[in-house]
Amino acid sequence: MSISKAAILLLFVLVSLSAYGQDIGRPKPPRTRVNPEGLADTTKTAKPNPPSIDGEDDEEEEPKPAKIKDTTNYPFLTELHLLLDYGKLLTLPTPFESKAEGGIQAVFENRYVGSISYGYGSINPTGAYKNSDYNATGTYIKPGLFYQLAINPKNKLLLGAQYGMASFEDSGVTTIESASGLFEPYERAFARGGLKASWLELSIQSEGNFRGNFWLGFRASYRHLISIDNPGDPDVLIVPGYGKTVGSGVPAVNLFLKYKLNFFHPPVVVVPESED
């Protein structure tokens with residue numbers, strides 16, 4: 001081989017290597033795809049995002065607020081309540097009935113409530129019998145036991161039962177008139193004393209603080225008649241403290257004003273939560 005041919009071959013090799021090196025360092029163009037319409041799609045395929053490191057995007061946890069717990073040991077006798085059924089007082093001016101009722105409640109360990117109520121009733125219902133004037137008068141007593149739930153410091157709910165016992169008498173005049181008017185009306189008076197009755201009363205009571213130690217509330221009850229002295233002719237229609245004897249049970253609602261005597265004011269201790 002001559003020197004000129006060798007020089008030309010060497011020059012060609014150097015130029016080829018130079019071009020190849022420039023091609024290696026140059027970024028590759030995006031891959032071209034052809035869609036069905038025949039147009040080139042030069043969109044570069046998106047690379048997936050690398051997975052984030054655990055805890056990198058998590059927000060810092062806020063500290064939980066401390067819970068308020070009542071850790072006080074309540075005394076055996078916590079409160080004493082005086083009750084007045086003001087709903088029954090509204091009947092005193094009426095001509096057909098006069099009622100009054102009051103009571104005492106004792107709260108033990110801020111949960112259990114023992115109660116006793118005493119009342120009086122004189123009822124003369126209009127139209128009790130078509131041809132009779134009927135009246136029932138007597139007293140009653142109702143011991144009971146409730147469980148107290150504190151919704152908040154100024155609202156409470158009580159669930160419980162009472163056992164009612166009444167001693168009463170009834171009287172009236174039965175009048176029978178002649179349909180033709182040819183005879184004088186026939187009247188027969190009756191008076192029965194020493195009658196007794198008993199019943200069970202299931203109640204739910206709600207009360208709220210009105211002002212200071214004064215509380216207002218209502219009690220919804222269902223009364224189930226257990227026993228009654230009923231001589232008949234006519235039948236006993238009204239039992240003071242219970243209501244009408246029609247059927248085996250009657251609903252009732254009481255409105256009351258309560259005054260509370262507090263023997264203990266428990267402090268509230270803030271106990272922070274443990275880090276566990």
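Me: Which element gives the largest share, four residues, of the lining of the largest cavity?

Reply: A cavity is a set of points on a 1 Å grid over the protein atoms alone where a 1.4 Å probe fits but cannot get out, and lining residues have an atom within 4 Å of a point. Strands are DSSP runs (E, at least two residues), as are helices (H or I, at least four), numbered from the N terminus. The lining includes Glu-101, Gly-102, Gly-103 and Gln-105. The largest share, four residues, comes from β5.

Me: What kind of model is this?

Reply: Residues are numbered from 1 along each chain as its sequence is written, and side-chain values use heavy atoms, without hydrogens or water. Local features need pLDDT of at least 70 and side-chain atom pairs pLDDT 80 or more, while totals for chains, interfaces and linings use all residues, as this model is predicted.

Me: How much space lies in the largest cavity?

Reply: A search of the whole structure finds one cavity of 30 Å³ or more. Volume here is the space filled by probe spheres set on grid points, joined across faces, edges and corners. For the largest cavity that is about 90 Å³.

Me: Which residue meets Glu-101 in a salt bridge of 3.3 Å?

Reply: A salt bridge puts a side-chain nitrogen of Lys or Arg within 4 Å of a carboxyl oxygen of Asp or Glu. The distance in this pair is 3.3 Å, N to O, and the partner is Lys-88. Glu-101 sits in strand β5 (residues 97–108) and its partner in helix α2 (residues 86–89), 13 residues apart. Glu-101 also belongs to a salt-bridge network with Asp-85, Lys-142, Glu-201, Arg-223 and that partner, Lys-88.

Me: Is Glu-101 buried or exposed?

Reply: Buried means under 20% relative accessible area, exposed over 50%, partly exposed in between (1.4 Å probe, protein chains only). Glu-101 has 8% relative accessibility, so Glu-101 counts as buried.

Me: How far apart in sequence are Glu-207 and Lys-258?

Reply: Their side chains meet in a salt bridge at 2.6 Å, N to O. Glu-207 lies in strand β9 (residues 186–211) and Lys-258 in strand β13 (residues 249–262), so the pair ties together parts separated by 51 residues.

Conventions:
On a 1 Å grid over the protein atoms alone, a cavity is a set of points where a 1.4 Å probe fits but cannot get out, and a pocket is an open set with protein on both sides within 12 Å along at least five of seven lines; lining residues have an atom within 4 Å of a point.
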